[in-house]
Amino acid sequence: MENIKSYVQQHKDRFINELIELLKIPSVSADTAYSQDVIDTAEAVKESLSKAGCDYVETCDTPGYPIIYGEKIIDPNLPTVLVYGHYDVQPPDPLELWTSPPFEPVIKTTDIHPEGAIFARGACDDKGQMYMHVKALELMVQSNTLPCNVKFMIEGEEEVGSASLAWFVERNQEKLKNDVILISDTGMISNQQPSITTGLRGLSYVEVEVTGPNRDLHSGLYGGAVANPINILAKMIASLHDENNHITIPGFYDKVQELSAEERAEMAKAPFSLEKYKNALNIADVYGEKGYVTNERNSIRPTLDVNGIWGGYTGEGAKTVIASKAFAKISMRLVPNQEWEEITELFTKHFTSIAPAGVTVKVTPHHGGQGYVTPIDSIGYQAANKAYTETFGVPAIPVRSGGSIPIVALFEKELKSKTILMGFGLDSDAIHSPNEHFGIFNYLKGIETIPLFYKYFVELSK
Ligand code: BES
Ligand code: MN
Ligand code: MN
């Protein structure tokens, strides 16, 4: 532990500068304008893995963006840790809300990060957290303390649904064989209270299109006499929740795994202040499904949210028009054991059925994935908890997160191993938002904690 700490102290400036260089490349997977940057980022990751000590690295071509694979096999009889992360990032917009440009990383202090945080798109999600693993490998190789084999699989399409990764995993089961999968792409409660993510929500993402008349119409000449697709879409969306904020799609809750009273009581023990939560978001009150508290609403309960809605005239001034079409993008966060394909079908059937005769509805599924829960009695969980306990001085609390990493359920199915989610981000790090950042404390703590996971995982596997 002391050796780990001193290595990190000695090399921290370089660790920070290397991450800053990686953050300068705008690897936005959702926007093809950035495709060369995404590819360049993959190459930068590959080079960093070689430099850190992998003895084999490879750019694996896929139908989409490349996957970077790297490994260091010290003894086939020892356990193998498979590290997964992603080098792609979310689009940075709205640009005008950033206090410094998203791909020009700078270190600034915040109330929560008095020692400084790196501000850039991808700082926390996931370049910063992924790169902790690269530096942890360097540390273990340099100090001759790598206790087992390690494989890396770093993809470039996580933010757009990981389609190529699913393709890759199905075709490379032998290559990816492992004893545990380790991911840092989630958060923790606070810098004083580490937590380990034991659950992720699934996802069904759809786009809907409502079409009324065959052309945009004068809203005076036709208003009141034909269905306005925007009015209709708004009404249809509003009807998807009832007065208790339950989702009204028939069958939606059929497979939802309900938690026992004991499990809910256990969850309620995690430190949480509703006042702080409201203040941080500048809202007068929280809102959600009746019968559940905030920490349940955003983790163990499924949801339906409009992510974007458009149609008609949105330019300057006024234009009197009834648009021919209206659109929305809708995400449903799912919980175990909801099947995402089935939910997509239930949504499509219901949404189409509630449309009045004056419009037609088209539903286009985007991507999806299953939710995930992992037990806390596994060797991997215990090893992670011992590692956090050592570096933070207090044990980690198990927490189910509301976010999704859809590929995790597929890992379990295809590779038959458990995933340990050792996240070091904070909710306030603003992932997917303007001014995303990652605390220097968190970054360095991650690099310190990861080698201890390896150490305890190998010890407990004996
Ligand atoms: N790293 C996040 C997921 C996450 C963040 C989980 C914090 C738990 C805590 C990941 O990059 C992400 O954004 N996932 C997407 C899903 C994907 C299919 C676009 C999400 O959750 O919206
Ligand atoms: Mn991520
Ligand atoms: Mn993300």
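Which residues do ring pairs link into a cluster? In this predicted model, where local features need pLDDT of at least 70 and side-chain atom pairs count only at pLDDT 80 or more, ring pairs link Tyr388, Phe392, Phe424 and Phe441 into a cluster. Residues are numbered from 1 along each chain as its sequence is written, and side-chain values use heavy atoms, with hydrogens and water left out.

Rings of Phe, Tyr and Trp (its six-membered ring) pair if their centres lie within 6.5 Å, and they count as stacked if their planes are under 30 degrees apart, as edge-to-face if over 60, and as tilted otherwise. The whole structure holds 14 aromatic pairs. One of them joins tryptophan 310 and phenylalanine 327, whose ring centres are 5.1 Å apart and whose planes meet at 10 degrees, so the pair is stacked. Because tryptophan 310 belongs to strand S11 (residues 303-311) and phenylalanine 327 to strand S13 (residues 325-334), this pair ties together parts that are 17 residues apart in sequence; strands are DSSP runs (E, at least two residues), numbered from the N terminus.

At the metal site, the manganese ion (ligand 2) is coordinated by His86 (NE2), Asp125 (OD) and, through two entries, Asp185 (OD), at 2.0 to 2.4 Å, where donors are N, O and S atoms within 2.8 Å of the metal (3.2 Å for Na, K and Ca). Aspartate 125 bridges this ion and the manganese ion (ligand 3), the two lying 3.6 Å apart. Histidine 86, at 0% relative accessibility, counts as buried, and aspartate 185, at 12%, is buried as well; buried means under 20% relative accessible area (1.4 Å probe, protein chains only).

Key. Chains lettered and ligands numbered in written order. Buried < 20%, exposed > 50% of the residue type's maximum accessible area, 1.4 Å probe, protein only. Helix = DSSP H or I, 4+ residues; strand = E, 2+ residues; numbered from the N terminus.
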